Amino acid sequence: MKLLINGKTEPLKQTCISVSELLQVKNVEHPEAVSVQVNKEFVSRTDFDSTLLNDNDEVDFLYFMGGGTY
Amino acid sequence: MIIINRKIIEEILTHGLNELPIEACGYLAGKNNRVYKYFPMKNIDNSKDHFSLDPQEQFEVLRQAGTSGFHLLAIYHTHPETPARPSEEDINLAYDSEISYVIASVQTHDVKSYKIQEGKVIPEKLIIED
């Protein structure tokens, strides 16, 4: 299957993959701190396991970004 | 190493001054370690001690950068009253080991860049180009 991941088309050997599995494939170190959009719609973290991706889906993921002074 | 044009450095510091007393934040986008575009963003914490980016705005900036052929190279934020080095909270919340963390001190006008990997702060060479 092919996915558009963070703007880049990437072929995957899997024919079916969930958001959780994709984050593993992409070596995401802290999936608990990642926001995901599939076809520009947010996917709740509780749905990462159950959300299956389709060929040519657009998947974007980004780490939470925050910090502080102290 | 990260290369940033002096004009963008000045824009970051101006953003920091304009947002006082709260912290300012945003992304820096480019390619091949060179920043071409700066994206001032909203600090949804609206705090002088904390910042968080709005996830929706993060995705919008990701796509805007992508349409220009750029990647998100760095996240920047300002420290209104403290030096340009990662705080304990910055380190604890640094989940992305690949992105550069650019910190600007509004007080000293110092701007520095770091990688933060598994809780370790690694100073990164920042080249400011005219």
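Begin by selecting L28(B), A74(B) and Y101(B), the residues with the most contacts inside the largest nonpolar core, which has 50 residues; such a core is a set of buried Ala, Val, Leu, Ile, Met, Phe, Trp, Tyr and Cys residues joined through C-beta atoms within 7 Å. Strand 5 (residues 71-79) of chain B provides the largest share of this core, five residues. In soluble globular proteins, nonpolar side chains tend to be buried together.

Before going further, note that this is a predicted model, in which local features need pLDDT of at least 70 and side-chain atom pairs count only at pLDDT 80 or more, while totals for chains, interfaces and linings use all residues. Residues are numbered from 1 along each chain as its sequence is written, and chains are lettered from A and ligands numbered from 1 in the order in which they are written. For chain B the average pLDDT, the predictor's confidence in each residue from 0 to 100, is 96, and 100% of the residues score at least 70. For the complex, the predictor gives an ipTM of 0.89 and a pTM of 0.94.

Now keep L28(B) selected and show what surrounds it. Leaving aside neighbours within four places in sequence, L28(B) is in contact with I4(B), V35(B), Y38(B), L73(B), A74(B), Y76(B) and V102(B), where contact requires C-beta atoms, placed from the backbone, to lie within 7 Å.

Next, select strand 2 (residues 25-31) of chain B, which is largely enclosed by the rest of the structure because six of its seven residues are buried. A residue is buried if 20 or more other C-beta atoms lie within 10 Å of its own, exposed if 12 or fewer, and partly exposed in between, with C-beta atoms placed from the backbone. Helices (H or I, at least four residues) and strands (E, at least two) are DSSP runs, numbered from the N terminus, and two strands pair if DSSP finds at least two bridges between them.

Strand 2 of chain B pairs in the antiparallel sense with strand 3 (residues 34-41) of chain B over seven bridges, and G26(B) stands opposite P40(B) there. The hairpin of these strands has two residues between them, and N32(B) takes a positive phi near 50° in it. Strand 2 of chain B also pairs in the antiparallel sense with strand 5 of chain B, over six bridges, with G30(B) opposite H71(B).

From G26(B), move to E57(B), whose C-alpha atom is separated from that of G26(B) by 9.9 Å although the two are 31 residues apart along the chain. E57(B) lies in helix 2 of chain B and is partly exposed, with 15 other C-beta atoms within 10 Å.

Finally, show the whole contact, which takes 17 residues from chain A and 23 residues from chain B. On the side of chain A, strand 4 (34-38), strand 7 (58-63) and strand 8 (66-68) are the elements that give two or more residues. Strand 8 of chain A pairs in the antiparallel sense with strand 4 (residues 50-52) of chain B over three bridges, where G66(A) has S52(B) as its bridge partner.

Note on methods:
Two residues are in contact if their C-beta atoms, placed from the backbone, lie within 7 Å.
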